[in-house]
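The sequence and the structure come first.

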Amino acid sequence: MERRDYLVRQAELLGQVLGKLIARLLNLQTEKKEIPVQQTYQTLQKELGLDMEALLPLPTTELIRILTMEKGFDSENLEKFADLLLLTAEGMKEPAKREQQKKSLVLYEYLNLAETNCYSYNRFLKIQRLTQELNDQ
């Protein structure tokens with residue numbers, strides 16, 4: 001029972017850190033300020049031990065395996081992570097922006113397949129928008 005409580009606390013901590021980063025980025029985006037990609041990556045490294053420079057070049061299946069199996073991400077945290085990738089992509093130049101958008105899209109699609117009992121209209125809209133944007137480029 002104690003191990004389960006620890007895992008629940010860890011999942012909540014992941015969600016809190018990702019949520020704070022997303023809120024910070026959304027606030028900057030609203031204020032029309034530049035998205036601080038490197039600062040966001042450093043926070044992920046410091047708070048969650050996620051080395052984004054090493055994770056992002058990995059094949060998506062390996063990225064998902066590391067996030068879920070090694071880092072303990074649940075579906076909610078994976079979606080927050082995909083949101084974070086999408087937001088930070090806005091502060092990048094091509095081709096890095098496009099690659100990060102693709103990773104985000106694949107994570108959303110994975111979540112759609114993994115969560116057969118729960119449909120997310122917001123996720124559907126993100127997938128549609130990303131698909132259109134990537135096809136237009």
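## Conventions

Axes are lines fitted to C-alpha atoms, for helices over the stretch in contact, and the angles between N-to-C directions run from 0 to 180 degrees. Helices (H or I, at least four residues) and strands (E, at least two) are DSSP runs, numbered from the N terminus.

The model is predicted: local features need pLDDT of at least 70, side-chain atom pairs count only at pLDDT 80 or more, and totals for chains, interfaces and linings use all residues. Residues are numbered from 1 along each chain as its sequence is written, and side-chain values use heavy atoms, with hydrogens and water left out.

## Overall composition

The protein has seven helices and zero strands, so that the order of elements from the N terminus reads α-α-α-α-α-α-α. Of its 137 residues, 39% are buried. Buried means under 20% relative accessible area, exposed over 50%, and partly exposed in between (1.4 Å probe, protein chains only).

The accessible surface comes to about 8400 Å², and 52% of that belongs to carbon and sulfur atoms. Accessible areas come from the Shrake-Rupley method with a 1.4 Å probe; for residues, only the protein chains shown count as cover. Contact means heavy atoms within 4.5 Å. Among contacts between residues at least 6 apart in sequence, 61% join residues at least 24 apart.

## Helix packing

Two packed helices are described by the angle between their axes and the distance between the axes. Helix 5 (residues 75-89) packs with helix 7 at about 35°, the axes being 13 Å apart. The contact is made by Glu79, Asp83 and Leu86 of helix 5 and by Arg123, Lys126, Arg129 and Leu130 of helix 7. This crossing of helix 5 and helix 7 is left-handed. A crossing is left-handed if the near helix is turned anticlockwise from the far one by less than a right angle, and right-handed if clockwise.

Helix 6 (residues 96-114) also packs with helix 7: their axes come within 10 Å and cross at roughly 145°, in a left-handed crossing. Residues of helix 6 in this contact include Lys97, Gln101, Ser104, Leu105 and Tyr108, and those of helix 7 include Arg123, Ile127, Leu130 and Leu134. Helix 4 and helix 6 have axes that come within 11 Å and cross at roughly 65°. Here Thr60, Leu63 and Ile64 of helix 4 meet Lys103, Val106, Leu107 and Tyr110 of helix 6. The crossing of helix 4 and helix 6 is right-handed.

## A buried serine

Ser104 is found in helix 6. Its relative accessible area is 0%, so Ser104 counts as buried. Leaving aside neighbours within four places in sequence, Ser104 is in contact with Ala82, Leu85, Leu86 and Leu130.

## Salt bridges

A salt bridge is a side-chain nitrogen of Lys or Arg within 4 Å of a carboxyl oxygen of Asp or Glu. By this rule the count is nine. Glu79, Asp83, Arg123 and Lys126 are linked in a network of salt bridges; these four residues are also among those in the contact between helix 5 and helix 7.

Glu62 and Arg65 form a salt bridge at 2.8 Å, N to O. The two are three residues apart in helix 4 (residues 60-70), and therefore separated by about one helical turn. Glu62 is partly exposed at 28% relative accessible area, and Arg65 is partly exposed at 35%. Arg129 and Glu133 pair at 3.8 Å, N to O; both lie in helix 7, four residues apart, about one turn of the helix. Arg129 is partly exposed at 42%, as is Glu133 at 22%.

The salt bridge between Glu90 and Lys97 has an N to O distance of 4.0 Å. Glu90 is partly exposed at 33% relative accessibility, whereas Lys97 is buried at 18%.

## Nonpolar surface patch

Tyr119, Tyr121, Phe124 and Leu125 form a nonpolar surface patch with about 430 Å² of accessible area together. Patches are made of residues with over 30% relative accessible area and no salt bridge: like charges are joined within 9 Å, and nonpolar side chains (Val, Leu, Ile, Met, Phe, Trp, Tyr) within 5 Å. Phe124 lies in helix 7 (residues 121-136). With a relative accessible area of 31%, Phe124 is partly exposed.
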